[in-house]
Amino acid sequence: MEATNTEEIPLRHVEKDVLIPKMMREKARERCAERVEAFNSCCKESGFFMVFKCREENAALKECLTQHYQDPAFFEECKRQYIEEKLDFQKTGIPAKNRTQKLPTSM
């Protein structure tokens, strides 16, 4: 395999402004999973009054997510992962979400 530098690969505006931030949101939600779960459970328990009762959980969740969104190292990590997935797709023609190891049915 040839080693490619992620800085050399040009990205379209939609990739920089939409697709990579989308990946960042998904990964940030995974990294802040306990705060997301706390906020969700508070909302389910509070019902209509969640706006007033879940302020602390919402603030903690926002703080965690914002911390990840504003981290340049996190952006570069997501950018690198996006470029790797893009290169794999260009090589195989199979999207990352559909790419799984399939074993032969008969041996």
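The paragraphs below follow the disulfides and then the remaining cysteines.

This is a predicted model: local features need pLDDT of at least 70, side-chain atom pairs count only at pLDDT 80 or more, and totals for chains, interfaces and linings use all residues. Residues are numbered from 1 along each chain as its sequence is written, and side-chain values use heavy atoms, with hydrogens and water left out.

A disulfide here is a pair of cysteine sulfur atoms within 2.5 Å. By that rule there are two disulfides. Counting bonded cysteines along the chain, they follow the pattern 1-4, 2-3.

Start with C32 and C64. Their sulfur atoms are 1.8 Å apart. The torsion about their S-S bond is about -85°, so this disulfide is left-handed. C32 lies in the loop between α1 (13-31) and α2 (33-46), and C64 in helix α4 (residues 55-69), so the pair ties together parts 32 residues apart in sequence. Helices are DSSP runs (H or I, at least four residues), numbered from the N terminus. Both C32 and C64 are buried, meaning under 20% relative accessible area with a 1.4 Å probe, protein chains only.

Now turn to C42 and C54. Here the S to S distance is 2.0 Å. This link is left-handed too, with -100° about the S-S bond. C42 sits in helix α2 and C54 in the loop between α3 (50-53) and α4, so the pair ties together parts twelve residues apart in sequence. Both C42 and C54 are buried.

C43 is in no disulfide. Its nearest cysteine sulfur, that of C54, is 4.4 Å away. C43 is buried, at 15% relative accessible area. C78 is buried as well, at 0%.

Definitions and conventions:
Helix = DSSP H or I, 4+ residues; strand = E, 2+ residues; numbered from the N terminus. Buried < 20%, exposed > 50% of the residue type's maximum accessible area, 1.4 Å probe, protein only.
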